[in-house]
2 protein chains.
Amino acid sequence: MKSIAFTLVFSVLFGFTYAQNQDSIFIKSIYNHALTESPAHENLRTLCKDIGARITGSAEAEMAIYWGKQLLESYDFDTVYLQEITVPHWERGTQEAAWIINENGELKKVDVIALGGSVGTHGVLEGEVIGVEGIDDVEKLGEAKIKGKIVFVNKPFDQTQINTFKAYGACSNQRWSGAKAASKYGAKAVVIRSLAQSNDDHPHTGSMDYKMENKIPAAALSTNSANTLFDWLKQGKVRLKLEMDCRFYEDETSYNVIAEIFGKEDKVITFGGHLDSWDVGEGAHDDGAGVIHSIEALRILKQLNYQPNHKLRCVLFMNEENGNFGGKGYAKWCSDNKEEHICALESDRGGFQPLGYDVVGSAAQLKFVQSFKPLVKDYRLYNFEFGYGGVDIGPLKKHYPNILQLGLNPTSQRYFDFHHAETDVFENVNKRELELGCASLATMVYLMDKNL
Amino acid sequence: MKSIAFTLVFSVLFGFTYAQNQDSIFIKSIYNHALTESPAHENLRTLCKDIGARITGSAEAEMAIYWGKQLLESYDFDTVYLQEITVPHWERGTQEAAWIINENGELKKVDVIALGGSVGTHGVLEGEVIGVEGIDDVEKLGEAKIKGKIVFVNKPFDQTQINTFKAYGACSNQRWSGAKAASKYGAKAVVIRSLAQSNDDHPHTGSMDYKMENKIPAAALSTNSANTLFDWLKQGKVRLKLEMDCRFYEDETSYNVIAEIFGKEDKVITFGGHLDSWDVGEGAHDDGAGVIHSIEALRILKQLNYQPNHKLRCVLFMNEENGNFGGKGYAKWCSDNKEEHICALESDRGGFQPLGYDVVGSAAQLKFVQSFKPLVKDYRLYNFEFGYGGVDIGPLKKHYPNILQLGLNPTSQRYFDFHHAETDVFENVNKRELELGCASLATMVYLMDKNL
């Protein structure tokens, strides 16, 4: 009896150790490949330099779809196809301009960028500025103080947040809801402090809730310009002049770009990033990096002859930035097709060194993910805690409440220097950090596929 | 009995929890201060932009000592003083130049930099190049193949090493011992592939073992130039022309710069970085960042009214790069003065986001350090394993064999793009990452002081 028990324990332990060793060896081969043979960096260069910024409705977005499909087809996956969606088409038009004038008649040009979806100013709009620290103050001031003015919302990032996404989240409502709050009391326009980490001269755009009767022009100032305006307002009255030429066009047809490797089962594991970007910079970190991570995860697994248990599906989502019609369309399409989805992963926090993955799921699912920590800690993947999966894969949760979602979580200290700004260019993505992201995503897809 | 036992357990647990909470609160205050009120980034700007590269013997090294002492004095510590040492004085002279010529007479200029301490070429030196993959091959080729030639050692970084310091370590002997190995068999000169991560146009200098009879000129090529030379050698014979104007001068007097806060006991905790740098770039990551981390660690603890148990000593070491006379002199001085040293910490791996600390000590000391992991994981300090403390604090181990040593271990993926090259400038250090380094060092000094 004793010897049977011993044999059993030995076999289980040995089997477990053997599996762990096999995993270790395979993960090492993923990283070795990504760090020595991957076209990741060159592919990102093409996406950033030969195509560039690619907001939905632009010619560049169409080029990016073509590029993505061609690239995926070159890797000989089981399928590559496009998934039709309808997307908004908004254009910035001529470069924005703005300047401020104080009571002494002194003038200073400020760095300004229209928020995504904003109406234009139809010539130069001018008004007195009323500054507030957050959009709650707009409500407090009410129509008496707001009407006919230009509202300036100036909440800065909380620099004490180690997780910079929390600092972003804590003031993102000034971008999302600033126009709506100011319009309610008759403001002429709204300008916000950019949602940015550093004090610099680069304004950051982004989406907003523009569902309102009286759409007013909405723009962001660079953090340095916001600081200047704030200082001037302490001295006395300030008028702002603003010209923006942006407008909406008819909705357009666009596409998610999808590639798959078939598995033993039809259950699906989705992983992706978004192919569209804002219309400034090159969408290098946001989200060229996530697109490259996702393509590379599928390519590397195929290259290493991995035979998946499930259908591995790489999705390059369109329209994450201004509507998420790619993510919503994808989730509905999966549900309509009665597909079974067990896991989804997203990379949309830049091409920096990965430190772990945020987990969306039950306590048991978190524990399951954390059980792989010993296998990945040598690759600096330390952090697996509850968090946020991503905008693109988010809508899957509605259709698949038990789905496990993972969001790649890299070092985030530099992300909000680049996010939605002209600084988000190829040169600011480090080759090795990008490659480590590719390897980490391939690794997590592999571990989820093998063990779910 | 039961109730006594319960009370005892409760008290111990409560006491423990209370202490942990106090630590948590204090560490949070360190980070909050570092991320919102620290002059770290502006101080680094001054060191890099107003002083710049500061190799021992240079006017800039003298300026850096003056700057460091003045800055430390402005913080009103218990003592600030200089510690005299003798340092070498080597100068690069006129910018180096080198080019290669193939059998067809085609010429290509290559990016070159003299290795630290090298002799000059006294005009243009010319010779046929013999390429080797590592310095072991020099030994195999011997005098017959080497004599009269210029030896080119071309071992690249192993890109599969996640810890890039391991990749550096694995080929650092081509810089350290290349000249000696080549000179032994009568080579005219040696050129090495730069110890660098990326393929780019920036050659990287560094120290070498130059204790030999027949000192030959030694230089490093940029990785791109090394790749070109390697490709040309595959096609046929290649001659290299090299001009370097460098030379040694008389040794000079220099100084470590030291500041202290006294504690309840005289036992010493040392922490520092090195004030000197190579003579290219601005010594921003190597080791301006470490200098700033160390100054800030002491300043922040004083600012927060921390009353130390031990003598907290911040040391800005001179001459880490080419002789380590600062580190050796410091250790001897401590020993000669019969000081008792319990712990030493060093920051000399750049101003990137810290991920943990390497530990040099016993298994029990490692376990002791690891016991603080729960307190610091929210600040992304995950990794506390046996490793390397640092060059400056290294010599203390000889005099204090039981000393616990800790080396700040930041993300290392980008470090060897900058190390010892013209790219190591202020602009490549991120403000928040620098501040996180300051906070992490203040935290570790605090935890060691409180618990050792």
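Domain bounds here come from an automatic or database domain assignment. I kept that in mind while paging through this predicted model.

**Entry 1: domains of chain A.** Domain 1 of chain A covers 27-90 + 250-451, and domain 2 covers 97-247. Going by C-alpha atoms, I find the centres of domain 1 and domain 2 of chain A 33 Å apart. I then checked where they touch: domain 1 of chain A puts in 15 residues and domain 2 of chain A puts in 18. I sorted the domain 1 side of chain A by class and got six nonpolar, six polar and three charged residues.

**Entry 2: chain B against chain A.** How many residues does each chain bring to the contact? I noted 23 from chain B and 23 from chain A. On the chain B side, helix 1 (2-36) and helix 14 (431-451) each supply at least two residues. That side of chain B comes out as seven nonpolar, ten polar and six charged residues.

**Entry 3: two helices in chain A.** Next I picked helix 2 (residues 40-51) and helix 14 (residues 431-451) of chain A, whose axes lie 9 Å apart at an angle of about 105°. Angles of 65 to 115 degrees count as roughly perpendicular, so that is how I describe helix 2 and helix 14 of chain A. Which residues make the contact? From helix 2 of chain A I wrote down A:Ala40, A:His41 and A:Leu44, and from helix 14 of chain A, A:Lys431, A:Leu434, A:Glu435 and A:Cys438. My class tally for this contact between helix 2 and helix 14 of chain A reads four nonpolar, one polar and two charged residues.

Key
Residues numbered from 1 in each chain as written. Chains lettered and ligands numbered in written order. Predicted model: local features only at pLDDT ≥ 70, side-chain atom pairs only at ≥ 80, totals over all residues. Contact = placed C-beta atoms within 7 Å. Nonpolar A, V, L, I, M, F, W, Y, C, P; charged D, E, K, R; others polar. Helix = DSSP H or I, 4+ residues; strand = E, 2+ residues; numbered from the N terminus. Axes fitted to C-alpha atoms, helices over the stretch in contact; angles between N-to-C directions. Parallel < 35°, antiparallel > 145°, perpendicular 65-115°, else oblique.
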